[in-house]
Amino acid sequence: MTQTADLVVVGAGIAGASTAFFAAAHGLRTVVVEEGLPASGASGRTAGYIRCHYANPHEAHFAYESWKIHARWRELIGGDNGYRRSGFLFIVPPALVPPLEKNVALMQAMGVTTEVLEPRAIKELLPYLETEGIGAAAWEPESGHADPSDCIGSLLAGVRGRGGRVLVDAGPARLLTEGRRIAGVQAGSERIAAPAVVLAAGAGTRALAAEVGVDLPVFPMPIGAGLLHGLSVLESAPCTIDHAAEQWYRGETGGGLLIGAGYEDSIGFRGEPFHGKAEFAPPTRDELVVAATRLVPRIPALENAAPGRTWVGLDSRTPDGHALAGPVPGVSGLYVLTGGNGKGFKFGPSMGRALADVVSGGRFEESPLAAFGVDRADTGRPIRGAHEYAWGSFA
């Protein structure tokens, strides 16, 4: 049985759910197809950071736009996003204080509530932190973290509330084409005819694009994390990226601290694409202990922490560390939004909204998404900031 729609979105993570929500809000008859369950991929395993600080204007724009959506979630989306304004702290070593100061000035010019804190001010704000090796930090008091399941659930409820459909446990999707034009999607016994398809399946987007002869440079990127218990003093710790210690961490309800562990526990510093591999084991207890031990000089209270559960999220990585978004050259009606690179949850709502605007008839060349075009490497349009940090794409 064939059904018809204006748009099919493949993938029900934050990217797909956001694109579908805003497309449905535009009046498009929208169908979401998810191989498993919503938020069952990288989105469901993220730490949920919502922050604005980035070293290039393109990502800073989408980070701030997503922050504004989260700040008014109930009004703009409906439902709950589980947003907790615990603050965001971006720590750098002394050598990187000059670019930090310039990037904070750029954030302030955009309207972000942020400031530069020197080590003494950091210690006053967070007495549990030792400031050895810290040059300065960017502080965003209104940032924090959101709940992925709540976000995606309310976005998909909005799709259904606007007459759309959400197909879960649908199994692998297959693209339908007529020549070099998209004709729809086959998902199990469901055949959905549609003139437009958005691929938002994370690392799985590569295999889908290959069905129509497109070699999309996106690869699996595992990010390991773990929870430490018995740390009531750290429960309200802000979302932190600590480049001086090469670690990330945030407080967790119930007296815990969530930290990076295993795989990309150095925030992408040493990670390489994992070609051809789809499954990764969670970090071991020993790996979590090693990650925590590395943080003890920064947070001495970790000496008394008890290791808890660990998990791994399989994100998607691109060669330059930035998202791929927009129409796929050579295949009319096909669009992508993928390449989270550890940042996709932050950008999902605003990038999804921008992509929905394009699918609904907006000119991609005039969209803020244009910088993330699939062909940017071929056309010599790299994404760069004037004051980038030593490690490049992550910030």
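**Reading a bent helix and some positive phi angles**

Analyst: Let's start with helix α9, residues 344–359, in this predicted model. A straight helix of 16 residues would span 22 Å at 1.5 Å a residue, but α9 spans only 20 Å between its end C-alpha atoms.

User: Where is the kink in α9 centred?

Analyst: On Ser350, and the kink there is about 35°.

User: How many of the 16 residues of α9 are buried?

Analyst: 13 of them are buried, so α9 is largely enclosed by the rest of the structure.

User: And how should I read a phi angle?

Analyst: Start with the general idea: most residues other than glycine have a negative phi.

User: Okay, what is the phi of Ala39?

Analyst: Ala39 isn't a glycine, yet its phi is positive, near 60°. You'll find Ala39 in the loop between β3 (30–33) and β4 (49–50).

User: Is Ala39 buried or exposed?

Analyst: Buried means under 20% relative accessible area. Ala39 has 13% relative accessibility, so it counts as buried.

User: Which loop holds Glu246?

Analyst: Glu246 is in the loop between β15 (239–242) and β16 (247–252). Glu246 has a positive phi too, about 55°, although it is not a glycine. With a relative accessible area of 29%, Glu246 is partly exposed.

User: What about glycine: which one takes a positive phi just after α9?

Analyst: That's Gly361, with a phi of about 125°.

Note on methods:
Residues numbered from 1 in each chain as written. Predicted model: local features only at pLDDT ≥ 70, side-chain atom pairs only at ≥ 80, totals over all residues. Heavy atoms only, no water. Helix = DSSP H or I, 4+ residues; strand = E, 2+ residues; numbered from the N terminus. Buried < 20%, exposed > 50% of the residue type's maximum accessible area, 1.4 Å probe, protein only. Expected span 1.5 Å × (residues − 1). Bend = angle between axes of the 7 residues up to and from the residue.
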